[in-house]
Amino acid sequence: MPKFPPKDYIQTVPFPTDITLQPIGVVHSPYKERHGTPRQSQLQSAPSTYQPAIAKIELFNTIPEEALKDIEGFERIWVISWLHLNKHWNPTVIIPRGPRIRRGTLATRAPHRPNPIGISAPKLIKIEGLILYIEGIDLLDQTPVLDIKPYVTYCDAFPDAKCGYVNDIENASEYETDIFGKTNLR
């Protein structure tokens, strides 16, 4: 078999200075305002009475149903979204739990970012046509969806990975009060 010369793709395509994205769908969530919306789609130590919210993602008809073929076998999905209400950001933020000190925005999961891209890993319940029913959403109603990908444990989960100051907070057993002020959550 003949060897082909290497292709210099990076030399022939200019670096993009502007990127245009189109939403492929929209989140229909019970959360209508920022206050009260969970900060993550999953709690580390949820109280026994905690019930994650049910939501749905409606894909636009520009996406053929065939694009969802085989996704029903995945328990979780990655939802990549555009946090459209966030118009500005700061290089540092104060996170909602732990010591009240400023952290670098890129070392947090704060929604105010240089590009307001969100990621969430909700549980996939079922699919009906172009509607995906999900459990455990941390996105506001009407959030634009940019993409959906399957959650694959062997390459998406690294349970022994170090998590910087987050490990310190967990080890200190610092809790936050839930959105209704009734229970301490971890």
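This is a predicted model: local features need pLDDT of at least 70, side-chain atom pairs count only at pLDDT 80 or more; totals for chains, interfaces and linings use all residues.
Let me begin with Asp141, which lies in the loop between strand E8 (131-135) and strand E9, where strands are DSSP runs of type E with at least two residues, helices are runs of H or I with at least four, and both are numbered from the N terminus. Residues are numbered from 1 along each chain as its sequence is written, and side-chain values use heavy atoms, with hydrogens and water left out.

Back to Asp141, then. Leaving aside neighbours within four places in sequence, Asp141 is in contact, meaning heavy atoms within 4.5 Å, with Val27, His28, Ser29, Tyr31 and Lys32. Although Asp141 and Val27 are 114 residues apart along the chain, their C-alpha atoms are separated by 5.6 Å. A polar atom of the Asp141 side chain also lies 3.0 Å from the backbone nitrogen of Ser29.

That brings us to strand E1, residues 25-28, which pairs with strand E2, residues 54-59, in the antiparallel sense over 4 bridges; two strands are said to pair if DSSP finds at least two bridges between them. E1 also pairs in the antiparallel sense with E9, residues 144-150, over 2 bridges. Gly25 has a bridge partner in each of these strands, namely Leu59 in E2 and Val145 in E9, while His28 stands opposite Lys56 in E2.

Which strands make up the whole sheet, and in what order? It is an open sheet of 7 strands, with antiparallel pairing, and the order is E6-E3-E9-E1-E2-E8-E7. Its edge strands are E6 (117-120) and E7 (123-128), each of which pairs on one side only.

Finally, let me turn to helix H3, residues 164-171, where Tyr165, Ile169 and Glu170 are buried, buried being under 20% relative accessible area, exposed over 50%, and partly exposed in between, with a 1.4 Å probe and protein chains only. Seen down the axis of H3, the buried residues fall within an arc of 145 degrees, so they line one face of the helix; the arc is that of the directions from the helix axis to the C-beta atoms. On the other side of H3, Asp168 and Asn171 are exposed, and what covers the buried residues includes strand E5 (102-104).

Conventions. A polar contact is a pair of N or O atoms within 3.5 Å; within protein, one must be able to donate a hydrogen and the other to accept it, and residues adjacent in sequence count only if both atoms are side-chain atoms.
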